[in-house]
Amino acid sequence: MDYILETKNLTKNIKNENIIKGLSLKVPKGETYGLLGPNGAGKSTTMKLLCGLLKPSEGEVIFKGKPWSRDTLNKIGVLIESPAIYGNLTAKENMLIHACMLGVSENEITRVLKLLKIDKTGKKKVSNFSLGMKQRLGIAIALLGNPDLIILDEPTNGLDPIGIQELRDLIKRLNENQITVLVSSHNLAEIQHIASYIGIIINGKLKYEGEINDTDDLETIFMNVTKE
Ligand code: ADP
Ligand code: MG
(Lines give C-alpha, C1' and ligand atoms only; values in the text may rest on other atoms or scores of the structure.)
(Ligands and ions follow the chains in the order given, each with its own letter.)
Protein backbone atom coordinates (compact mmCIF):
# COMPACT_ATOMS: atom_id res chain seq x y z
CA MET A 1 0.00 0.00 0.00
CA ASP A 2 1.21 3.47 -0.94
CA TYR A 3 0.56 6.01 1.81
CA ILE A 4 0.60 9.70 0.95
CA LEU A 5 0.51 10.77 4.59
CA GLU A 6 1.49 9.08 7.83
CA THR A 7 1.83 10.27 11.37
CA LYS A 8 4.01 8.61 13.96
CA ASN A 9 3.20 9.04 17.61
CA LEU A 10 1.75 12.49 16.93
CA THR A 11 1.22 14.30 20.22
CA LYS A 12 0.00 17.79 21.07
CA ASN A 13 -0.15 19.46 24.44
CA ILE A 14 -1.98 22.75 24.75
CA LYS A 15 -1.80 24.63 28.04
CA ASN A 16 -0.49 21.59 29.94
CA GLU A 17 -3.31 19.51 28.59
CA ASN A 18 -2.61 16.46 26.42
CA ILE A 19 -5.02 16.95 23.50
CA ILE A 20 -3.57 14.51 20.93
CA LYS A 21 -2.14 11.34 22.39
CA GLY A 22 0.37 9.42 20.27
CA LEU A 23 -1.64 9.31 17.06
CA SER A 24 -0.28 7.09 14.28
CA LEU A 25 -2.35 7.21 11.14
CA LYS A 26 -1.85 6.06 7.57
CA VAL A 27 -3.67 7.71 4.70
CA PRO A 28 -3.63 5.67 1.47
CA LYS A 29 -2.86 7.57 -1.74
CA GLY A 30 -5.73 8.49 -4.04
CA GLU A 31 -8.43 7.45 -1.56
CA THR A 32 -10.80 9.31 0.71
CA TYR A 33 -9.97 8.87 4.37
CA GLY A 34 -12.62 9.78 6.94
CA LEU A 35 -11.47 10.96 10.34
CA LEU A 36 -14.36 10.23 12.66
CA GLY A 37 -14.98 11.16 16.24
CA PRO A 38 -17.33 12.95 18.60
CA ASN A 39 -17.10 16.71 19.14
CA GLY A 40 -13.98 17.57 21.10
CA ALA A 41 -12.20 14.32 20.15
CA GLY A 42 -9.29 16.13 18.50
CA LYS A 43 -10.11 16.02 14.78
CA SER A 44 -9.50 19.71 14.05
CA THR A 45 -6.34 19.77 16.16
CA THR A 46 -5.02 16.73 14.27
CA MET A 47 -5.74 18.40 10.94
CA LYS A 48 -3.99 21.58 12.05
CA LEU A 49 -0.94 19.49 12.95
CA LEU A 50 -1.04 17.79 9.54
CA CYS A 51 -1.00 21.04 7.59
CA GLY A 52 1.50 22.85 9.77
CA LEU A 53 -0.92 25.29 11.45
CA LEU A 54 0.19 23.77 14.75
CA LYS A 55 3.53 22.30 15.70
CA PRO A 56 3.54 18.80 17.23
CA SER A 57 4.74 18.51 20.85
CA GLU A 58 6.06 15.06 19.96
CA GLY A 59 6.01 12.67 17.03
CA GLU A 60 6.09 13.45 13.34
CA VAL A 61 4.13 13.92 10.15
CA ILE A 62 5.42 12.12 7.08
CA PHE A 63 4.26 13.27 3.67
CA LYS A 64 5.12 11.11 0.64
CA GLY A 65 7.71 9.25 2.68
CA LYS A 66 9.52 12.38 3.89
CA PRO A 67 9.31 14.28 7.18
CA TRP A 68 7.04 17.34 7.03
CA SER A 69 8.79 20.47 5.78
CA ARG A 70 7.64 23.91 4.65
CA ASP A 71 7.70 22.56 1.12
CA THR A 72 4.93 20.15 2.06
CA LEU A 73 2.58 23.13 2.44
CA ASN A 74 2.45 23.63 -1.34
CA LYS A 75 1.29 20.05 -1.85
CA ILE A 76 -1.53 20.14 0.70
CA GLY A 77 -4.76 22.08 0.33
CA VAL A 78 -6.74 22.82 3.48
CA LEU A 79 -10.17 23.97 4.49
CA ILE A 80 -10.32 24.11 8.27
CA GLU A 81 -13.13 25.99 9.96
CA SER A 82 -14.46 28.83 7.78
CA PRO A 83 -12.63 29.67 4.56
CA ALA A 84 -10.83 33.00 4.17
CA ILE A 85 -13.22 34.65 1.72
CA TYR A 86 -14.36 38.22 1.22
CA GLY A 87 -18.13 38.64 0.93
CA ASN A 88 -17.96 41.86 -1.06
CA LEU A 89 -15.95 40.22 -3.86
CA THR A 90 -16.91 37.70 -6.55
CA ALA A 91 -15.75 34.08 -6.61
CA LYS A 92 -13.09 34.85 -9.21
CA GLU A 93 -11.84 37.94 -7.34
CA ASN A 94 -11.51 35.87 -4.18
CA MET A 95 -9.59 33.24 -6.14
CA LEU A 96 -7.31 35.91 -7.64
CA ILE A 97 -6.22 37.07 -4.18
CA HIS A 98 -5.23 33.55 -3.16
CA ALA A 99 -3.71 32.75 -6.56
CA CYS A 100 -1.58 35.87 -6.27
CA MET A 101 -0.30 34.85 -2.82
CA LEU A 102 0.47 31.34 -4.10
CA GLY A 103 2.01 32.55 -7.36
CA VAL A 104 -0.53 30.55 -9.34
CA SER A 105 -1.68 31.49 -12.87
CA GLU A 106 -5.12 32.69 -13.93
CA ASN A 107 -5.59 29.51 -16.02
CA GLU A 108 -5.37 27.56 -12.79
CA ILE A 109 -8.27 29.62 -11.39
CA THR A 110 -10.41 28.79 -14.41
CA ARG A 111 -9.56 25.09 -14.09
CA VAL A 112 -10.50 24.95 -10.42
CA LEU A 113 -13.68 27.05 -10.78
CA LYS A 114 -14.85 24.66 -13.53
CA LEU A 115 -13.96 21.58 -11.51
CA LEU A 116 -16.11 22.92 -8.65
CA LYS A 117 -18.84 24.12 -10.96
CA ILE A 118 -18.73 27.70 -9.72
CA ASP A 119 -17.41 29.13 -12.99
CA LYS A 120 -20.76 30.67 -13.95
CA THR A 121 -21.34 32.94 -10.94
CA GLY A 122 -20.06 36.02 -12.81
CA LYS A 123 -20.50 39.30 -10.94
CA LYS A 124 -22.37 37.77 -8.02
CA LYS A 125 -20.83 38.73 -4.69
CA VAL A 126 -19.89 35.90 -2.40
CA SER A 127 -22.08 37.35 0.40
CA ASN A 128 -25.05 36.38 -1.80
CA PHE A 129 -23.85 32.79 -2.24
CA SER A 130 -25.63 29.86 -0.58
CA LEU A 131 -23.67 28.07 2.16
CA GLY A 132 -23.03 25.21 -0.28
CA MET A 133 -21.56 27.61 -2.84
CA LYS A 134 -19.38 29.31 -0.21
CA GLN A 135 -18.19 25.88 0.86
CA ARG A 136 -17.31 25.03 -2.75
CA LEU A 137 -15.41 28.30 -3.07
CA GLY A 138 -13.45 27.43 0.08
CA ILE A 139 -12.59 24.06 -1.45
CA ALA A 140 -11.70 25.78 -4.74
CA ILE A 141 -9.22 27.98 -2.88
CA ALA A 142 -7.77 24.91 -1.18
CA LEU A 143 -7.34 23.26 -4.58
CA LEU A 144 -5.36 26.10 -6.14
CA GLY A 145 -1.92 24.95 -7.18
CA ASN A 146 -3.10 21.37 -7.72
CA PRO A 147 -2.26 19.78 -4.34
CA ASP A 148 -1.87 16.00 -3.99
CA LEU A 149 -3.82 15.98 -0.75
CA ILE A 150 -6.75 18.04 0.41
CA ILE A 151 -7.83 18.29 4.03
CA LEU A 152 -11.47 19.18 4.71
CA ASP A 153 -12.61 19.71 8.30
CA GLU A 154 -16.30 18.82 8.72
CA PRO A 155 -17.16 20.07 5.23
CA THR A 156 -20.77 18.91 5.39
CA ASN A 157 -21.58 20.99 8.48
CA GLY A 158 -24.56 23.19 7.74
CA LEU A 159 -25.11 21.85 4.22
CA ASP A 160 -28.56 20.75 3.07
CA PRO A 161 -29.01 17.27 1.51
CA ILE A 162 -28.39 18.63 -2.00
CA GLY A 163 -25.22 20.38 -0.85
CA ILE A 164 -24.06 17.14 0.79
CA GLN A 165 -24.74 15.17 -2.41
CA GLU A 166 -22.78 17.75 -4.43
CA LEU A 167 -19.88 17.53 -2.01
CA ARG A 168 -19.90 13.74 -2.32
CA ASP A 169 -19.76 13.98 -6.13
CA LEU A 170 -16.98 16.53 -5.87
CA ILE A 171 -14.90 14.29 -3.61
CA LYS A 172 -15.37 11.47 -6.11
CA ARG A 173 -14.09 13.75 -8.89
CA LEU A 174 -11.07 14.70 -6.77
CA ASN A 175 -10.18 11.03 -6.26
CA GLU A 176 -10.55 10.47 -10.01
CA ASN A 177 -8.04 13.30 -10.45
CA GLN A 178 -5.59 11.40 -8.18
CA ILE A 179 -6.15 13.79 -5.29
CA THR A 180 -6.26 12.18 -1.87
CA VAL A 181 -8.98 13.54 0.41
CA LEU A 182 -8.82 13.60 4.20
CA VAL A 183 -12.17 14.56 5.59
CA SER A 184 -13.40 14.78 9.18
CA SER A 185 -16.90 14.32 10.48
CA HIS A 186 -18.88 13.47 13.58
CA ASN A 187 -21.57 12.00 11.33
CA LEU A 188 -21.15 8.26 10.72
CA ALA A 189 -23.72 7.92 7.95
CA GLU A 190 -22.10 10.66 5.89
CA ILE A 191 -18.60 9.22 6.14
CA GLN A 192 -19.92 5.83 5.11
CA HIS A 193 -20.90 7.30 1.73
CA ILE A 194 -17.78 9.39 1.25
CA ALA A 195 -14.78 7.46 2.61
CA SER A 196 -13.08 4.20 1.69
CA TYR A 197 -10.86 4.24 4.81
CA ILE A 198 -11.64 5.51 8.26
CA GLY A 199 -9.88 6.39 11.46
CA ILE A 200 -11.82 6.80 14.67
CA ILE A 201 -10.46 9.31 17.16
CA ILE A 202 -11.76 9.40 20.70
CA ASN A 203 -10.33 11.62 23.40
CA GLY A 204 -7.20 12.32 21.36
CA LYS A 205 -6.43 8.66 20.63
CA LEU A 206 -6.77 6.67 17.43
CA LYS A 207 -9.07 3.82 18.41
CA TYR A 208 -9.64 2.22 15.03
CA GLU A 209 -8.31 2.41 11.50
CA GLY A 210 -9.27 0.39 8.46
CA GLU A 211 -10.91 0.02 5.08
CA ILE A 212 -14.69 0.25 4.92
CA ASN A 213 -17.32 -0.44 2.30
CA ASP A 214 -21.02 0.24 1.87
CA THR A 215 -22.09 -2.93 3.64
CA ASP A 216 -19.97 -2.45 6.77
CA ASP A 217 -21.90 -1.48 9.84
CA LEU A 218 -20.06 1.65 10.90
CA GLU A 219 -22.35 2.22 13.83
CA THR A 220 -21.45 -1.15 15.35
CA ILE A 221 -17.73 -0.56 14.74
CA PHE A 222 -18.06 2.87 16.36
CA MET A 223 -20.03 1.58 19.36
CA ASN A 224 -17.56 -1.26 19.97
CA VAL A 225 -14.68 1.19 19.84
CA THR A 226 -16.36 3.62 22.24
CA LYS A 227 -17.09 0.89 24.78
CA GLU A 228 -13.44 -0.14 25.14
P1 ADP B 1 -12.87 18.18 17.33
O2 ADP B 1 -12.44 18.89 16.11
O3 ADP B 1 -12.76 16.69 17.21
O4 ADP B 1 -14.25 18.57 17.77
P5 ADP B 1 -10.78 19.72 18.59
O6 ADP B 1 -9.53 19.25 17.94
O7 ADP B 1 -11.32 21.02 18.15
O8 ADP B 1 -11.87 18.58 18.52
O9 ADP B 1 -10.51 19.83 20.15
C10 ADP B 1 -10.01 18.76 20.91
C11 ADP B 1 -9.89 19.18 22.35
O12 ADP B 1 -8.85 20.13 22.47
C13 ADP B 1 -11.13 19.83 22.91
O14 ADP B 1 -11.32 19.38 24.22
C15 ADP B 1 -10.80 21.31 22.88
O16 ADP B 1 -11.48 21.98 23.91
C17 ADP B 1 -9.31 21.30 23.10
N18 ADP B 1 -8.62 22.45 22.46
C19 ADP B 1 -8.48 22.62 21.12
N20 ADP B 1 -7.79 23.77 20.87
C21 ADP B 1 -7.51 24.32 22.07
C22 ADP B 1 -6.83 25.50 22.49
N23 ADP B 1 -6.28 26.36 21.61
N24 ADP B 1 -6.73 25.73 23.82
C25 ADP B 1 -7.25 24.87 24.71
N26 ADP B 1 -7.89 23.76 24.39
C27 ADP B 1 -8.04 23.47 23.09
MG1 MG C 1 -13.49 20.20 14.90
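Reader: Is Arg 136 buried or exposed?
Author: This is a predicted model, in which local features need pLDDT of at least 70 and side-chain atom pairs count only at pLDDT 80 or more, whereas totals for chains, interfaces and linings use all residues. Residues are numbered from 1 along each chain as its sequence is written, chains are lettered from A and ligands numbered from 1 in the order in which they are written, and side-chain values use heavy atoms, with hydrogens and water left out. A residue is called buried under 20% relative accessible area, exposed over 50%, and partly exposed in between (1.4 Å probe, protein chains only). Because Arg 136 has a relative accessible area of 15%, Arg 136 is buried.

Reader: With which residue does Arg 136 form a salt bridge?
Author: A salt bridge requires a side-chain nitrogen of Lys or Arg within 4 Å of a carboxyl oxygen of Asp or Glu. For Arg 136, the closest N and O atoms of such a pair are 2.7 Å apart, and the partner is Glu 166.

Reader: How does the accessibility of Glu 166 count?
Author: Arg 136 is buried at 15%. Glu 166 has 34% relative accessibility and therefore counts as partly exposed.

Reader: How many salt bridges are counted in the model?
Author: One of them joins the side chains of Lys 75 and Asp 71 at 3.9 Å, N to O. Lys 75 is partly exposed at 32% relative accessibility, and Asp 71 is likewise partly exposed, at 46%. By the rule given above, the count of salt bridges comes to eight.

Reader: How many residues apart in sequence are the parts tied together by Lys 43 and Glu 154?
Author: The side chains of these two residues meet in a salt bridge of 3.6 Å, N to O. Lys 43 lies in helix 1 and Glu 154 in the loop between strand 8 (149-152) and helix 5 (161-176), so the pair ties together parts whose separation in sequence, in residues, is 111.

Reader: Are Lys 43 and Glu 154 buried or exposed?
Author: Lys 43 has a relative accessibility of 5% and so falls in the buried class. Glu 154, at 13% relative accessibility, counts as buried.

Reader: How many of the eight residues of helix 1 are buried?
Author: The buried residues of helix 1 are Lys 43, Thr 45, Thr 46, Met 47, Leu 49 and Leu 50. Helix 1 is largely enclosed by the rest of the structure, because the buried residues among its eight number six.

Reader: Which helix gives the most to the shell around ligand 1?
Author: A residue belongs to this shell if one of its heavy atoms lies within 4 Å of the ligand. The residues around ligand 1 are Ile 14, Lys 15, Ile 19, Pro 38, Asn 39, Gly 40, Ala 41, Gly 42, Lys 43, Ser 44 and Thr 45. With three residues, the helix that gives the most is helix 1 (residues 43-50).

Reader: What share of the area of ligand 1 does the protein bury?
Author: Polar contacts (pairs of N or O atoms within 3.5 Å) reach oxygen atoms of ligand 1 from a backbone N or O atom of Gly 42 at 2.9 Å and from one of Lys 43 at 2.8 Å. A polar side-chain atom of Thr 45 lies 2.6 Å from an oxygen atom of the ligand. Accessible areas come from the Shrake-Rupley method with a 1.4 Å probe. Taken alone, ligand 1 exposes 560 Å², of which the protein buries 61%.

Reader: Which backbone oxygens does the side chain of Gln 192 reach?
Author: Gln 192 sits in helix 6 (residues 188-194) and is buried at 15% relative accessibility. The side chain of Gln 192 reaches one backbone oxygen at 3.0 Å, that of Asn 213. At 2.9 Å it reaches the backbone oxygen of Asp 216.

Reader: How far apart in space are Ala 195 and Thr 32, C-alpha to C-alpha?
Author: Ala 195 lies in the loop between helix 6 and strand 10 (197-202) and is buried, with a relative accessible area of 8%. Ala 195 and Thr 32 are 163 residues apart in sequence, yet their C-alpha separation in space is 4.8 Å.

Definitions and conventions:
Polar contact = N/O pair within 3.5 Å; in protein donor to acceptor, adjacent residues only side chain to side chain. Helix = DSSP H or I, 4+ residues; strand = E, 2+ residues; numbered from the N terminus.
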